[in-house]
Structure formats: structure tokens, C-alpha cells
Amino acid sequence: MQVSLEGKVALVTGASKGIGFAIAKSMAEAGASVMLSSRKQDQLDDAASRIDGETAVYAANAGNVESAEACVAATIERFGGLDILVNNAATNPHYGGTLDVEPGAFDKTFEVNLRGPLFWSRAAYRQAMAANPGVMINIASVGGLRTEYGLGVYNLTKAALIHLTRQLAGELGPNRVVGIAPGLVRTDFAKVLVDNFGEQLEQGLPLKRLGEPDDIANLAVFLASDKASWITGETYVIDGGAGVRGGVV
Ligand SMILES: NC(=O)c1ccc[n+]([C@@H]2O[C@H](COP(=O)([O-])OP(=O)(O)OC[C@H]3O[C@@H](n4cnc5c(N)ncnc54)[C@H](OP(=O)(O)O)[C@@H]3O)[C@@H](O)[C@H]2O)c1
């Protein structure tokens, strides 16, 4: 099976490193023109220079509605359309008991992780996909499907993002809206967990290794492609088999 994104235009938030970078790189390698977005211009420039394919960059905060509209407009101006939106950027300023969160940290988490995807999706839909249907991919987390200590607020945003995925799939067809719920993946975001518990967690996994950003990117490319043209509304767990062992991260 040949999975191709030839002729497609993709926009990936949080694309300067980690999972977002892997998705942007894989989509470009599959033939898409890719707009990379995150906050820091220098890191975006560096990321784009490491991708062999047609790319552009746009510095924007994923929690900002005006930035979403401007970035989508810049993508359409640069590449002539928008077929694939990947809502990947997320933040987690609070670790600890759910009721111990400061209101500001709570608001920030929801602003970037939930409000962001909603308004980036709106910008993509209104400016491009209402007329030319495409695919929206939301990067959630296995934490959005179960409870665990420490990440309660972050996981609330991911649970809501999984619900938003279903909701928008119902409202925006024939656009496809799909989610990916990764387990623990080796990125800066997960560094503390990986450094402290990585080896132990790996041994508990049926597949005996943590996730790599490319594992998530491979699924994202498939879901974005026409090979997934009868898939919408669902969120796909990709966790090395953690779930079958009853909830190892
Ligand atoms: N790693 C894991 O184990 C894991 C597991 C489950 C789900 N996830 C999800 O996977 C996604 C990517 O995570 P990752 O592990 O790849 O993280 P990462 O390596 O820390 O990369 C995060 C990316 O997002 C950007 N970013 C952060 N805050 C942003 C904001 N407010 N606006 C725009 N861009 C922002 C960062 O660049 P700037 O700082 O320059 O903006 C960077 O490009 C997230 O949705 C995360 O929740 C990760």
C-alpha cells in the first residue's frame, strides 16, 4: 500500500520539535507542502532546515485566536489551500493534585490544549475546508481516557479534546476529524517521566520500548491520507500495548 500526501497542504502546530516535528517531516516526505508553526522563530527555522521537502514557517501561540486565523491565512497564501490541520501543540504547567492547581495555570492549560484546537479548527474550516473538505487531526493523550495522579488538569483538556474530535466530526462532514492518543513518547515534554521511570515503564510494556515521535507520525500520515477516507470521529490509542497491561503509562 502506497500512502501519499502528494498535492496536499498541511499545517502543524507545535512543529518545531518532538511529535509535531516528526509529523511535519513525515508529511513533507509523503509529498505534502507543510506549514510549521510554534512560538519560537529560530527553532522553527532550524526545524524547517532539517526537512527535505516543501515547507514554510509561521511563529504563533496556539492559544491565540488571532494567530490561528493569521497562520491559516498565511498557509493558504503561501501554498494555495489547506487540506490537513494537525492540532499538536500543548502545554502542562501544573503537576500535582487537581484541586491544587492555580487558576492561571488551569486557564493556560485549557487555552492552549483545548481552546486552541477549537479555534484553529474554526479558522481552517472557515477559510478553506468548508469549500474544500480536508482532515483535522487532534493530538490527545491516553491520559484523556483514564485518570492518574499528577496530570489531572492536563488530562481534562485531553478528554475534552477527544470529545471535541467526535463533536466536530459530526458537524463538519465530509471533512474528517480524527484523534491520536499517544502513550509515553520520548520528547522534551515527557523528559522528567522518561528520565525517572522510562526503563521501568519499558519493561512493563508488551512491546518493551517507549514510543518515538516517528511512531506517532506514521499514524498521522496514514490518517491524513486518502487511505483513511472512511475514518472520522474516532481517537486512536498508540501506546506500545500499555493499555492491555491495565494502565501502565
Ligand atoms: N511526549 C509524550 O509522551 C506525549 C504523550 C501523549 C500526548 N502527547 C501530546 O503530543 C503533543 C506534542 O507533545 P511533544 O511531546 O512532542 O512536546 P514537545 O517535544 O515539548 O514539543 C512541543 C511543541 O509545541 C510547541 N509549543 C508549546 N507550547 C506552545 C504554544 N502555546 N503555542 C504554540 N506552540 C507551542 C513547542 O515549541 P515552542 O515552545 O517554541 O512554542 C514545540 O514545538 C502534545 O499535544 C502532547 O500533549 C505527548
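Trainee: Are α4 and α5 roughly parallel or roughly perpendicular to each other?

Mentor: Good place to begin, and keep in mind that this is a predicted model. Two packed helices are described by the angle between their axes and by the distance between those axes. Here α4 and α5 pack at an angle of about 15°, and their axes are 9 Å apart. Angles under 35 degrees count as roughly parallel, so α4 and α5 are roughly parallel to each other. Their crossing is right-handed.

Trainee: Which residues of α4 and α5 meet?

Mentor: From α4, the residues include Phe-106, Phe-110, Leu-114, Pro-117 and Tyr-125, and from α5 they include Val-153, Leu-156, Leu-161, Leu-168 and Leu-172. Sorted by class, this contact of α4 with α5 holds 14 nonpolar, four polar and no charged residues.

Trainee: And how do I read α3 against α4? At what angle do their axes cross?

Mentor: The axes of helix α3 (residues 65-79) and helix α4 (residues 103-129) come within 9 Å and cross at roughly 40°. That angle makes α3 oblique to α4. The crossing of α3 and α4 is right-handed. Among the residues that meet are Val-65, Cys-71, Val-72 and Ile-76 in α3, with Phe-119, Trp-120, Ala-123 and Gln-127 in α4. The contact of α3 with α4 has eleven nonpolar, two polar and three charged residues.

Trainee: What about pockets? How much space lies in the largest pocket?

Mentor: About 1,200 Å³. The largest pocket is lined by 50 residues, and Ala-90, Thr-91, Thr-187, Phe-189 and Ala-190 lie nearest its centre. The elements giving two or more residues to this lining are α1 (18-29), β2 (33-38), α4, α5 (152-172) and α6 (191-204).

Trainee: Which element gives the largest share of that lining?

Mentor: That is α6, with five residues. Try the classes as well: the lining of the largest pocket divides into 22 nonpolar, 19 polar and nine charged residues.

Key: Residues numbered from 1 in each chain as written. Predicted model: local features only at pLDDT ≥ 70, side-chain atom pairs only at ≥ 80, totals over all residues. Heavy atoms only, no water. Axes fitted to C-alpha atoms, helices over the stretch in contact; angles between N-to-C directions. Helix = DSSP H or I, 4+ residues; strand = E, 2+ residues; numbered from the N terminus. Parallel < 35°, antiparallel > 145°, perpendicular 65-115°, else oblique. Left-handed = near helix turned anticlockwise from the far one by under 90°. Contact = heavy atoms within 4.5 Å. Nonpolar A, V, L, I, M, F, W, Y, C, P; charged D, E, K, R; others polar. 1 Å grid on protein atoms, 1.4 Å probe; cavity = no way out; pocket = protein on both sides within 12 Å on 5 of 7 lines; lining within 4 Å. Points joined across faces, edges and corners; volume = space filled by probe spheres on them.
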